[in-house]
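This briefing is meant to be read with the model open.

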Amino acid sequence: MTPDAILEVRELSKRFGGVHALEGVECIVPEGQVFAVIGPNGAGKTTFFNCLTGVTRPTTGSIRFQNRPLAGLPSHRIAEAGIARTWQTIRLFEHMTVLENVLVGCHTRGSTGFPGAILRLPSQRREERRLREAAMNHLQRLEIAHLAHRPVSSLPFLQQRRVELARALAAEPKLLLLDEPAAGLNTRETGQLGELILSIREQGLTVLLVEHDMSLVMEISDQVLVLDHGVPIAEGPPRQIQENEKVIAIYLGSEAL
Amino acid sequence: MGLKNLTGLVLLSLAVIVLPYALPDFYFKLIQIGIYALICIGLSLLLGYAGQISLGHAAFYALGAYTSAILTVRYGWSPWLAVWVGIGLTIILALAIGIPSLRLQGHYLAMATLAFGEIAFVVATAWVALTGGPSGFGHIPKWNVFGYRLVPPRADQAIFYFVWAAVILGLLVALNLINSRVGRALRAIHDGEQAADVLGIPTATYKIKIFVLSAAYASVAGSIYAHVSGYVNPGPFSVEHSILFITMVIVGGMRTVWGGVAGACLMGLLPELLADLEHWRFAIYGLILLIIMMFIPQGILLGVRDLIAWSLEKLPFRKADSPGETE
Ligand SMILES: Nc1ncnc2c1ncn2[C@@H]1O[C@H](COP(=O)(O)OP(=O)(O)O)[C@@H](O)[C@H]1O
Ligand SMILES: [Mg+2]
């Protein structure tokens, strides 16, 4: 494994019946980069994230994260190893408040079990205070601290997006997967999101970004992987991808690039 | 735990203390209801916080009752020790049922517990040498609390206090659990299992543990029942009783453990309150349940709260200012 690579994917394939959602995907993601995965709808981007987070089991292939094999592990083990994600369609815990959602994000940062919780041991109360403080910090960072005690289902779409991002960050992951985080945002909001992603990278996190907004991708990514019908057709720095003829052919007709 | 729950526990404790003096002809009806409330608290943890249904809680109730009865009558054990053996057996059986059925997605637990409930009832009826068969057996020793035997008829008040102390303790345990990292994880599982898993929550393990805890509540209730009534037979442990407990939880409201207590009280007392209506009472009883389930899906407890909040808002002198906080 390359010394500074945090994620290494080899020959990853996923079939759903006759559909080849992923076919021989390979990539090496260096630590501390923003690594974008692009491609038309149905290219297999979300399936790629699902394989990385244990949501679906790859048909073949290997995934190594920080030099440890991940394929076949259940999602919660992968989360413990340090991977967090957001979802293309928001998946918040709708009967909970904003703060509670982010506290669930802190789950791997705590250790209280059934006995500790039932007996309300002092260690449990200390941990609870620490987690609440951390959760509030993440809410502050995303400028939604004032909404902490609101039921999450009462918030507009845009704020829900932020809660989901805060929840993923609260896990303090090493690798953060963002599935179309700019969908539904206007230009100004997309700009803010770009700055946020860069500040997350500054902090030392590695970001895997699936995104249709090409100006965002080209602006903030260090490396871009292009998928088409599950097959990797190009990989390189943004400038090189923009000029790649196969990529241009795929996007021909759409003014995305 | 939050001020609201603490206030609730204090108010409930005060109500329990004064009730035998305020309603001396009535309070002892709440002894059996308290035992049901204990089962319902455990069941509401399972239903409301893990989204799973058990149709076998009457069997765990039976396990506690028969274990206590057999160990104290046949082997002369102390009731205080027998309770723990009941809990131990319940944990083993609940794990044996829960592990295979809760590792799969879906409602396999309902089927597995239904089968368990039926089998337990048959065993209690047919294994005469162990359980006394359909006629059961009696002479079960009473609780001995601080050297004070809880013996009827004059000790109704002591028994009442004892049972409701157990209910309050059961509530305290449940509320502590809910308002913790564990409780949040359980609620997250109920709202979105995959999203919870991806955040590091081992969903199957949590569901198995909450099922075991919920079964242990029923087992303790069974032990208390055996020593309170002094007599056990299979009658109160049928699958219909498991369904009754679920109905109590749903009627009371399963998104809060207080709902288990409210549901047990309402459904336990309704037949009493309707007694004057003679044979119409079952029809009215059914109708009331139907209306509650159709029009107050959140259960009577939260339903009443919402009604109060709504009417306060309508009153001209009150400004709506309280920020809503969930249990
Ligand atoms: N759970 C599934 N079952 C069957 N087919 C699926 C499933 N998930 C994805 N697919 C298929 O895999 C292909 C890739 O989908 P997806 O990964 O969602 O693409 P993208 O995120 O790039 O738009 C699509 O053809 C889709 O229909
Ligand atoms: Mg997608």
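The model is predicted.

**Residues around ligand 1**

- The shell around ligand 1 consists of A:Phe16, A:Val19, A:Ala21, A:Pro40, A:Asn41, A:Gly42, A:Ala43, A:Gly44, A:Lys45, A:Thr46 and A:Thr47.
- Sorted by class, this shell holds 5 nonpolar, 5 polar and 1 charged residues.
- Two elements of chain A, strand 2 (19–30) and helix 1 (45–52), each contribute at least two residues to the shell.
- Helix 1 of chain A contributes the most, with 3 residues.

- A:Thr47 places a polar side-chain atom 2.5 Å from an oxygen atom of ligand 1.
- For A:Thr46, a polar side-chain atom lies 2.8 Å from an oxygen atom of the ligand.
- A:Ala43 takes part through its backbone, with an N or O atom 3.2 Å from an oxygen atom of ligand 1.
- Ligand 1 taken alone exposes 550 Å², and the protein buries 59% of that.

**Helix 2 of chain B**

- Helix 2 of chain B covers residues 30–50, which is 21 residues.
- From first C-alpha to last, helix 2 of chain B reaches 29 Å, close to the 30 Å expected at 1.5 Å a residue.
- At B:Leu43, helix 2 of chain B bends by about 30 degrees.
- Helix 2 of chain B is mostly covered, with 20 of its 21 residues buried.
- B:Gly51 follows helix 2 of chain B and has a positive phi, near 65 degrees.

Notes:
Residues numbered from 1 in each chain as written. Chains lettered and ligands numbered in written order. Predicted model: local features only at pLDDT ≥ 70, side-chain atom pairs only at ≥ 80, totals over all residues. Heavy atoms only, no water. Near = heavy atom within 4 Å. Polar contact = N/O pair within 3.5 Å; in protein donor to acceptor, adjacent residues only side chain to side chain. Areas by Shrake-Rupley, 256 points an atom, 1.4 Å probe, with all protein chains shown as cover. Helix = DSSP H or I, 4+ residues; strand = E, 2+ residues; numbered from the N terminus. Nonpolar A, V, L, I, M, F, W, Y, C, P; charged D, E, K, R; others polar. Expected span 1.5 Å × (residues − 1). Bend = angle between axes of the 7 residues up to and from the residue. Buried < 20%, exposed > 50% of the residue type's maximum accessible area, 1.4 Å probe, protein only.
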